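Please open the structure in a viewer and keep the sequence beside it.

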Amino acid sequence: MGGWSSYGVTDGSVSPVFPTVREVLALDPVRHGAPRLVAGDAGLDRPVRWVHVAEVPDIATLLGGGELVLTTGIGLPTDDAGLRAFIGDLADVGVSGLVVELGRRYLNGVPRVMAAAAERRGLPLVELRRTTPFVRITEAVHALIVDARLTELRATEEIHQRFTELSVEGAGPDEVVRQAAELAGCPVVLENMSRQVLAYDPAGESAELLLDGWEQHSRRIRPAGRTAYDADRGWLVTTVGARGQDWGRLLLRWPGGGDLTAGGTLGGRPAGTPPTRLTILVERAASTLALGRLIRRDAEGLERQIHRTLLTALLDHSRPVDEVALRARALGVPLERRHLVGVMVRHRLDDPAAEAGGPGESGRSAEAAPEAGPARLRELAEAVGQALREAKLTALTSAVDDHAVGALLALPDATAEERALTAFATALRRIRLDIAPARPVPGRAEAGPGRLVPGQVEAGSGRLVPGRVETGPAGVAPGRAEVGFRPVVAGILPDAVIVAAGSGVGSLREARRSLIEARQIADAARRDRRDLPIFRLPHVGLAGLLHLLRDEPRVQTFVERELGALLAHDAQHPREQLLGTLRAYLEQGRNKSAAAGVAHLSRPAFYERLARIARILDVDLDSVEACLSLHVALLALDAIRTH
């Protein structure tokens, strides 16, 4: 068969092969109808993607381009303007051609206005002067398309086999480009997105001439599509990348002179269009390059997967300890005869939007960016791995759940524990400051008409306005240190990430205890306002104990007994959350003035709320013992809710 044109697509897949209008007209079922071209001979080399039978004038809205439309003309408009519009709509949607069977609507030929409109738009218009079953034409064209595809598959078998071997062998970019140039007989260049050459093969031509002024030359090559041919520059180009991340372009120079297929002929392929085999070749080469990059990049990812498997095995008892030790040693992390310390690193907040300032500040929520959580965890895992390398520590490390990254440090002895943890925490903080630049603390805001300043009481509500001024990331106005607020250091939330360490152990069989202890400490420290480099068990105190007992029914019953009435009230009055008022009062050591400031309420309004809380809970909030019981219940509630 003759060569086939390729119908361009832009999704990066191999372009299917289709016959042209010229080739369709040569088919026996069409020739039986005595076809005559009356207009649009310039479009005879258009590819035919499909054959569509239509008898209505508004068919263009149902087409996608590349169709050969067959009609008897029965339903076409009777006026000249309608016929011009019909031809214009078909041309606009990109049909390959229009075939009109004479005898039913048009006896001797199509109207001149239709022919003139088709000629003007370059749309092939063909008359069938004898009656021909349209089904035979569609069957013949579709069979032609299938046969052409099989022929193309045979012609490209060598390409697929060659690049499959390169993928399996893990060939580098230089070898992939060399093989592509050898198969094509054309110069091939691999560049990055900045138009810098990563690899090239001149295919026997002058490398100096090929690469001279490459960046400027490459920027002028702008094909229309992911894989396309720039006829003006003579380059066939495809984008290189995977998983939605493009990192380069692969370019093959084909000046449009002659056919490069072995023993092939140009046939019906339009002059100046590269053979489909070359399109397949550059796309297959690009896929091999992308896969090779993923394999090299994911080698570390595979190592992380093994780390996660081993850490999970220790936490869940899913594998024997001896097997974990054996696999870890093979991975380069010896765990036998080492002092082991479990470490957990997690964000204080589970909601990425909240950490960024919350919906009120950023305008986003976790629901609006569902990918933010996993991306944030991956970023944290990378930071932990880098910190371990910078601190020169040996450890198993990986994400252990949706919020935390775990590490099992393998130290030479117990005396190295504090020094190693300090080095790790210091490196982690430095890395996180580098990869998450500080948001600057806005400048001072001055009061003006219609604006309230800190300390001013809003009329009619009794609410103390903490300041309608811009605040820093921790909610502190620039230059201020409000009671109960976390400090801002250089515009950063220093405690956005918690590093928790369990007790060091002397054997791998005890490592699970250290890891679980670290996880419990990290969870319990989420509401701790202190900026500690490392949280250990003594730092979490009562909160840590309650976190350990959060699944205990008696603790849950205690919480309901102490706070149940207030929780029920808040559920019925969502706009008036009294639990927060109680929390502020207890966390400020029953200092009502300080608590009112933290709650952003005027003192009278705060006192009135406390009175309502006392009535709802039937307690004396001036009683130290009653408040202690309520505070313990609040801590237990926090532990239960963060489970």
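Begin by selecting Val146, Leu150 and Leu153, which form a nonpolar patch on the surface with about 270 Å² of accessible area together. Such a patch joins nonpolar side chains (Val, Leu, Ile, Met, Phe, Trp, Tyr) within 5 Å, from residues with over 30% relative accessible area and no salt bridge; a salt bridge is a side-chain nitrogen of Lys or Arg within 4 Å of a carboxyl oxygen of Asp or Glu. Areas follow the Shrake-Rupley method with a 1.4 Å probe.

This is a predicted model, in which local features need pLDDT of at least 70 and side-chain atom pairs pLDDT 80 or more, while totals for chains, interfaces and linings use all residues. Residues are numbered from 1 along each chain, and side-chain values use heavy atoms, without hydrogens and water.

Leucine 153 lies in helix α5 (residues 134-155), helices being DSSP runs (H or I) of at least four residues and strands (E) of at least two.

Next, select the open sheet, whose four strands run antiparallel in the order β14-β15-β13-β18; strands pair if DSSP finds at least two bridges between them. Its edge strands are β14 (395-399) and β18 (497-501). Strand β13 (residues 339-347) pairs with β18 over five bridges, and methionine 344 stands opposite alanine 500 in β18.

Finally, select helix α19 (residues 578-587): eight of its ten residues are buried, so the helix is largely enclosed by the rest of the structure. Buried means under 20% relative accessible area. Among these residues are Leu578, Arg583 and Tyr585. Just after α19, glycine 589 takes a positive phi of about 65°.

Notes
Patches are made of residues with over 30% relative accessible area and no salt bridge: like charges are joined within 9 Å, nonpolar side chains (Val, Leu, Ile, Met, Phe, Trp, Tyr) within 5 Å. Buried means under 20% relative accessible area, exposed over 50%, partly exposed in between (1.4 Å probe, protein chains only).
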